[in-house]
Amino acid sequence: MPLTKLQFRPGINRETTSYSNEGGWFDMDKVRFRFGFPEKIGGWEPSSSTYFLGTCRALHPWVALNGERYLGVGTHLKYYINEGGGYNDITPIRATTAAGDVTFSASANTLSAGISAIDDNIPLTSASGFPDSGIIKIGTEIISYANISSNTLVGCVRGIRSTTAAAHSSSAAVTCSTIIVTDTAHGALENDFVTFSGSATLGDVVTAAILNQEYQVVYVKNANSYYINVRSVAPISSITASGGIDDTLVFASTSDSGNGGSSVVGIYQINTGLDTTITGTGWGAGTWSRGTWGSAASLSASGQTLRIWSHDNFGEDLLINVRDGDIFYWDKSNGVSTRAVELASLAGASTTPTVAKKVLVSDRDRHIIAFGCDSQTNPGVQDPLLIRFSDQESLTDWAATATNTAGDLRLGSGSEIITAIETRQQVLVYTDVSLHAMQFLGPPFTFGINTVSENITIAGPLAAIAVEDNVFWMGAEEFYVYGGAVQRLPCTVRDYVFSDINTDQLEKVTASTNTAFSEVWWFYPSASSSENDRYVVYNYQQQIWYYGTLARTVWLDRGVEDLPVAAGTDHVLYFHEQGFDDGSTNPASGISAYIESSQMDLGEGDQFAFLRRMIPDLTFRDSTNQTPQATMTLKARNYPGGNYLQSNAKIVEKTASVPVEQFTEQVNVRLRGRSFAFKIETSDAGTTWRLGSPRVDVQPDGMR
């Protein structure tokens with residue numbers, strides 16, 4: 001009998017069963033299709049050896065007039081400008097105190113008998129069931145103790161580290177690295193950043209140099225005080241590691257009884273945001289300590305929403321906006337060592353928005369557009385459906401007059417603007433239920449807006465991406481494309497994606513493009529994860545779908561950079577389509593990639609097939625591994641619901657997995673069953689592959 005060609009339809013189909021999808025592919029990971037044939041995706045390497053703080057959900061590249069290349073990096077803790085691989089912190093300042101408004105207290109951190117010096121401690125007693133010695137872990141912090149006695153409190157405030165004294169008893173004090181900062185109505189949240197200056201020594205160990213640096217708030221005690229962990233002198237940028245701030249703690253002594261003097265100044269950066277979506281209201285809606293006991297938590301309050309930045313260039317300068325927060329401006333001429341400032345603080349600013357959901361610069365007509373912002377007549381009060389635009393070519397003139405092109409528009413459907421995407425001809429504006437097209441008309445109206453659809457959904461602010469004049473986005477249960485009209489994309493993996501997605505974290509869905517391969521990617525969190533750990537791809541050239549696993553919070557296509565750039569959950573930026581390996585490890589490790597077909601049978605499935613040999617059709621072109629190989633597997637079963645590994649006397653062998661090397665001519669196998677499937681996989685470093693059309697010697701082997 002002639003050889004049977006194993007040639008499958010491109011793309012993955014999970015809308016049917018494996019048995020009914022005969023002639024197609026059914027499962028895969030880290031594989032794409034090129035001209036209809038599967039191949040392993042490219043690898044990734046760190047863009048630099050440095051890290052950023054927080055979870056990154058915003059990347060924006062641009063080139064200055066002098067040719068310098070910049071990359072804006074927005075995380076839930078900071079906003080950076082990456083230049084040459086280094087992260088320059090330009091996070092705006094929220095408030096600066098007057099000299100003397102801030103005082104310190106270290107003596108209260110010595111814990112002794114009774115332990116009444118620090119509030120919010122945990123009583124640990126043998127009587128309450130605690131062992132006499134051990135380790136307590138709260139969050140990421142660990143407190144070690146050697147001995148406790150009845151009614152003796154041993155430990156520090158939640159999230160604050162202590163020394164590991166030889167004995168913790170009523171006669172042995174426990175010294176913490178923590179000091180209390182007192183500042184009336186400080187407005188800080190847990191994880192916020194503050195920089196102190198003008199401090200004097202506290203008396204012994206905690207010197208002025210130790211105090212006069214940037215710190216992260218570890219715990220907010222009340223509206224007038226909070227805690228920090230003092231550390232040895234080092235800029236935060238130099239001690240930022242994959243796990244956060246890698247500091248060397250300084251433990252205050254009983255001699256550190258000063259308050260820092262009367263000249264201490266505190267400079268507070270804008271409140272940090274959340275790195276996960278909190279749903280609901282009331283107790284539990286928000287992170288611990290962001291409100292008083294029993295208070296309702298407003299998800300729209302500062303610091304209570306997932307931190308998402310929008311950003312765009314105004315010339316070579318940068319505009320950045322915290323979603324549901326203020327708009328800021330960074331002037332390139334001042335250098336990367338200067339911070340962004342409020343747009344409203346610029347000279348000549350007139351009725352600039354002070355709160356918005358998104359900001360962008362219209363490339364065609366040079367207007368700054370703020371979406372979901374406050375109005376000219378009611379500053380500070382956000383209207384989630386209001387759109388405002390500045391005078392043409394102006395940063396500061398937002399007051400609509402008869403002599404300029406500033407103005408506003410208000411959408412008539414939906415409850416809030418989710419996002420806006422600029423295309424070549426127009427700006428598409430999404431609400432929670434509708435889509436609108438905003439176009440430049442010129443004077444006297446400047447912009448006009450039309451409703452395109454009132455029957456759409458969108459997963460979140462990052463879920464849409466433009467590819468030339470088309471815009472693709474993920475909805476709540478569908479995928480869509482707009483190219484003059486809204487269409488639902490036929491999707492062969494729709495049920496697979498939406499039946500295993502964390503709907504509470506849909507705001508984290510991020511859309512991106514990889515135009516070198518005609519791909520639109522969506523990264524999303526699976527049902528068992530609170531962070532993006534999977535992706536689904538639509539290849540708009542071949543009109544097929546495929547998917548895989550990869551932890552990326554945002555992805556930026558090649559353009560200013562020669563390769564795509566993506567942010568990992570390990571606080572590293574990676575260049576993608578670079579090499580063939582996983583560069584998150586040192587040394588780089590192989591990428592586990594595979595693709596598996598649906599079942600095939602002879603005739604109508606009423607015949608047994610006997611497989612005797614396989615002729616591979618596989619190329620390892622460009623592999624750096626000297627002996628590249630992949631594993632090809634043929635597996636058989638008798639019934640659609642049967643187990644591939646089932647054995648009985650009438651089956652010679654159920655599974656045949658064989659390594660296929662670069663010059664393998666043919667492989668002998670012995671396999672029998674009513675139907676069989678094919679799989680190829682590899683996990684070796686330095687190996688890439690592309691599959692063609694293998695041949696299999698299949699003989700009819702009777703009917704049953």
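**Pocket lining.** I looked up which strands (DSSP E runs of at least two residues, numbered from the N terminus) line the largest pocket: β7 (56–63), β25 (309–314), β29 (358–361), β33 (417–422), β37, β41 (510–514) and β45 (552–556) each give at least two residues to the lining. For "pocket" I used an open set of points on a 1 Å grid over the protein atoms alone, with protein on both sides within 12 Å along at least five of seven lines, and lining residues have an atom within 4 Å of a point. The model is predicted, so I kept to the rule that local features need pLDDT of at least 70 and side-chain atom pairs 80 or more, while totals for chains, interfaces and linings use all residues. Residues are numbered from 1 along each chain as its sequence is written, and side-chain values use heavy atoms, without hydrogens and water.

I noted 38 lining residues, with L59, H60, I421, I465 and L556 nearest the centre of the largest pocket. They divide into 20 nonpolar, nine polar and nine charged, where Ala, Val, Leu, Ile, Met, Phe, Trp, Tyr, Cys and Pro count as nonpolar, Asp, Glu, Lys and Arg as charged, and the others, Gly among them, as polar. The space in this pocket comes to about 1200 Å³, taken as what probe spheres set on the points fill, with grid points joined across faces, edges and corners.

**Sheet.** Next I followed β37 into an open, antiparallel sheet of four strands, in the order β37-β38-β39-β40. β37 (464–467) and β40 (486–488) are the edges; each has a single partner strand, so one side of each lacks a neighbour in the sheet. Strands pair here if DSSP finds at least two bridges between them. Four bridges join β38 (residues 470–474) to β39 (residues 479–482), and I found Y482 in β39 as the bridge partner of V471.

Most peptide bonds are trans, and most residues other than glycine have a negative phi. I found a cis bond joining P443 and P444, with omega about 5°; P444 sits in the loop between β35 (435–442) and β36 (446–453). The bond from N586 to P587 is cis too, with omega near 0°, and P587 is in the loop between β48 (581–582) and β49 (589–590).

Two positive phi values also went into my list: A185 near 50° and H571 near 65°.

Technical notes. 1 Å grid on protein atoms, 1.4 Å probe; cavity = no way out; pocket = protein on both sides within 12 Å on 5 of 7 lines; lining within 4 Å.
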